[in-house]
Amino acid sequence: MHRYHLQSALLPQGFARGVIATVSDEGFITEVDAAPAEGREVPSGAERIGGIVLPGMPNAHSHAFQRAMAGNTEYRLSARDSFWTWRRAMYALANRIDPDDLHILATQLFVEMLKSGYTSVAEFHYLHRQKDGAPYPAANALWEAISNAASTAGIGLTFLPTLYQTSDFGGQPLKAEQARFASDTDAFLRAVENRIDAERRSHSQRGGTGGHGTGGQRGGTGLQRTGVAFHSLRAVPLENLRRAALGLRELDANLPMHIHVAEQLLEVQACVRATGRRPIELLLDTGLLTEHWCLVHATHATGAELEGIAAAAATVCVSISTEANLGDGFFDTARFLKAGGRLCVGSDSQSTVSPAEELRWLEYQQRLRKRRRGVLATAAEPHVGTRLWRDAAQHGSQAIGQPAGAIEVGRRADWLVLDAAHPSMVGAAADSALDHLLFAGGEAAIRDVMVAGRWVVKDRRHAAEDELRPRFAGLMQRLAAVE
């Protein structure tokens, strides 16, 4: 057991000072004493953490290989540049990445995530095959590259192998540039089952604490667990999605399941032409949605669809930076939250890797639409920053099936420490610290980061970054040279 004396901490009930937290050797919080600190004796040997301690943010949607695109597609790709022209550039990159490249990209990205405040990530992964489209003969080297990168960085990982079968509605065959994404339903189910079985064996051998936290963690081992993703309704025929989802539910009733949906108007229109229904309507009609599902984007959802998602207790993950970068549109956050919706954030295409920026622009979008301030504050929580960070951390934990997202007993000790003396924080009252983090450039105040009770960033430095920097630079130069 390890004890910590937290100068100031965000607990589920609000900010508290002089908190004593006990963390097990496995990295789970076993006790939180938030009694008034005045006159209380600090336990001998407790490590004092000065500054402001927050729960780390889960990143509920990431495509690690797209880190190589950040900043490289900001010239106009065509006279009518759009998501669809960007997608062609993304396919070109996907077909040049090998497992060693992916390991370097993902490790660099995961270190950047940790330093920005993300302490766990759901990797929505659809690179399955070799460059010639052939399957890997044994272990999938691209899958292993992601897992190994997460281990090197020390970030929590929910790995989401992604079913991808068609190029459009109506069962259109994959295009040549999509060959690396192909996955047969039965082979996909076997691969996921084998991965989960291996995780369970490893977890059992380590004597892991599998019952802690969100979703029971039946499939996970330590910092890593497996979920699944369905790329989209245009990429997975509905009958295959239904069969796979039901089969996976029998394997693990708590398995996280993610899907891209209603990101683009053209996608919605194509779905209506092909099926007579909008994509979110189709998903709701299946009756599959539960609290273990995460709908990514849902940008072009109707009010009724948002109410349906909220009623199913599913989460929605938005990535405002990517949606803005690609010109997707505006998610109706205010309406979804009013319906009781559960919202989380992700870095998606890696155009920005910053939970603070995602949440800042979540509020700013609503201010621009409604022409007023403090749109997402509530009577119960008047501080926009506190409301958004606390809720996104908790709902992100739900979405990725990781026992994190709050400083409370049974959760993993995934913490950020803000430097209260940083210029962006100086003068901030305790209950306005997250307002400063989101709206006053406070991301620069993130000083230390802990994952599962282990410091992975200290004094703004990660142990792997010096060795990683030249390898990442060399890869980026090589990728740029062949464009």
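The axes of helix α11 (residues 355-370) and helix α12 (residues 384-400) approach within 10 Å of one another and cross at roughly 120°, where axes are lines fitted to C-alpha atoms, for helices over the stretch in contact, and angles run from 0 to 180 degrees between N-to-C directions. That angle makes α11 oblique to α12, given that angles under 35 degrees count as roughly parallel, over 145 as roughly antiparallel, 65 to 115 as roughly perpendicular and the rest as oblique. The crossing of α11 and α12 is right-handed, the near helix being turned clockwise from the far one by less than a right angle. Helices (H or I, at least four residues) and strands (E, at least two) are DSSP runs, numbered from the N terminus.

The model is predicted, so that local features need pLDDT of at least 70 and side-chain atom pairs count only at pLDDT 80 or more, while totals for chains, interfaces and linings use all residues. Residues are numbered from 1 along each chain as its sequence is written, and side-chain values use heavy atoms, with hydrogens and water left out.

The largest pocket holds about 600 Å³ of space; on a 1 Å grid over the protein atoms alone, a pocket is an open set of points with protein on both sides within 12 Å along at least five of seven lines, a cavity is a set where a 1.4 Å probe fits but cannot get out, and lining residues have an atom within 4 Å of a point. Of the 24 residues that line the largest pocket, Ala138, Ala139, Asn140, Trp143 and Ala191 lie nearest its centre. Two or more lining residues come from each of α3 (141-153) and α4, and α4 gives the most, with seven. Ala191 itself belongs to helix α4 (residues 185-206) and is partly exposed, with a relative accessible area of 28%, the class between buried (under 20%) and exposed (over 50%) for a 1.4 Å probe and protein chains only. Ala191 and Lys175, 16 residues apart in sequence, are separated by 23 Å from C-alpha to C-alpha.

Key:
Points joined across faces, edges and corners; volume = space filled by probe spheres on them.
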